[in-house]
Amino acid sequence: RGDEHRKAFGVWAALGTSGMAIGVVLGGILTAGPGWRWIFFINVPVGIVVAVMLAVLVRPSTSRSRSDSIDVAGGLLVTSGTALTIYSLTTAGDRGWTSPTTLGLLALAAALYVAFGLVEQRVAQPLIAMPVLARRVVHGGAGVILVATGLLVSSFFLGSFYLQHVGGWSAVRTGVAFLPVAVATFAGAGVAGHLLGHLGARVTATVAFIIAAVGAGVIALGIGEAQLIVGMSVSAFGIGGAFVSAMTSAIGSAGAGETGAVSGAVNTFHELGGALGVAALSSVAASSLGAVPTDGGFVDAFRAGCVVAFVAAGLCAAYLPAVKPDPDAPRMMH
């Protein structure tokens, strides 16, 4: 029901805001204390607590009939393809973008995705119905998520590297410094959520990417600690708007029984975007990521991010549907 959806997404957005703000600080504390490996270890007890809470608090669904089947083959293919793509992108900087290993892994991932598409056209209960993914509002929204996530995650990666290795900041101070960036992301999402019903997804996403480009451009003009935080916050404000535009319009277009498939497709592009953004822009900044870091590579990387955001704005203006969600519909973002 609509009121239950609004409550659920309201809780989701609140937890997301808190999680992002807490995460950047907690990550710094763990890195400065027991070591960076604990940012992974901490997920184990959290996962156990969540699993127990799900078992205790969430009642089993009775809506699935016995005739429904699970698309195991499709799930294995798309998961393997996505994992292989992310792995090949994150290791491309070390191996080289044109190395046989990188190209071979990407080719294998592409083959797995092709096989996934063929399987989805033949099974009775596909994981993702291809006609749904073919809708412009769905794959357009997925593309927006891909670029927006790539810009945000790569800016966090490059920004934290710059502050610690060039500015000499501690991990804790860096985490605290990123709080305005986290807040700006969700502030941008909130503003875009209000404007989306009036301007539509096309205009909102276009303006959002222009703001993101301006933020990256501020940093590219001459990087410095304060300038970095201000530029990243401006850029994050725009990226937050792009997130909510894409998620709300794509998932809002889903028909009965399609919400899970659309959400899964969009969030897959979210994961790919983070890996692709870090791999691509860290390659641009490679000259500044060595033993003796300099400013030049960072400036080039944020300049490249500025260009990508402007290009994304142009593509949104030309291609993204001018859909307007129901005024009472919940506004969603990852």
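In this predicted model, D300 forms a salt bridge with R303, the closest N and O atoms lying 3.0 Å apart, where a salt bridge is a side-chain nitrogen of Lys or Arg within 4 Å of a carboxyl oxygen of Asp or Glu. The structure holds one salt bridge. Because D300 and R303 are three residues apart in helix α13 (residues 296-319), about one helical turn separates them. Helices here are DSSP runs (H or I, at least four residues), numbered from the N terminus.

Residues are numbered from 1 along each chain as its sequence is written. As the model is predicted, local features need pLDDT of at least 70 and side-chain atom pairs count only at pLDDT 80 or more, whereas totals for chains, interfaces and linings use all residues, and side-chain values use heavy atoms, with hydrogens and water left out.

Helix α8 (residues 136-166) and helix α12 (residues 259-284) have axes, lines fitted to C-alpha atoms over the stretch in contact, with angles running from 0 to 180 degrees between N-to-C directions, that come within 6 Å and cross at roughly 40°. That angle makes α8 oblique to α12, oblique being what remains after roughly parallel (under 35 degrees), roughly antiparallel (over 145) and roughly perpendicular (65 to 115). Among the residues of α8 that meet α12 (contact means heavy atoms within 4.5 Å) are V138, I145 and F157, while those on the α12 side include V262, F269 and L281.

Helix α8 has 31 residues and reaches 43 Å from its first C-alpha to its last, close to the 45 Å expected at 1.5 Å a residue, a span calculated as 1.5 Å times one less than the number of residues. Just after α8, G168 takes a positive phi of about 75°.

Methods
Helix = DSSP H or I, 4+ residues; strand = E, 2+ residues; numbered from the N terminus.
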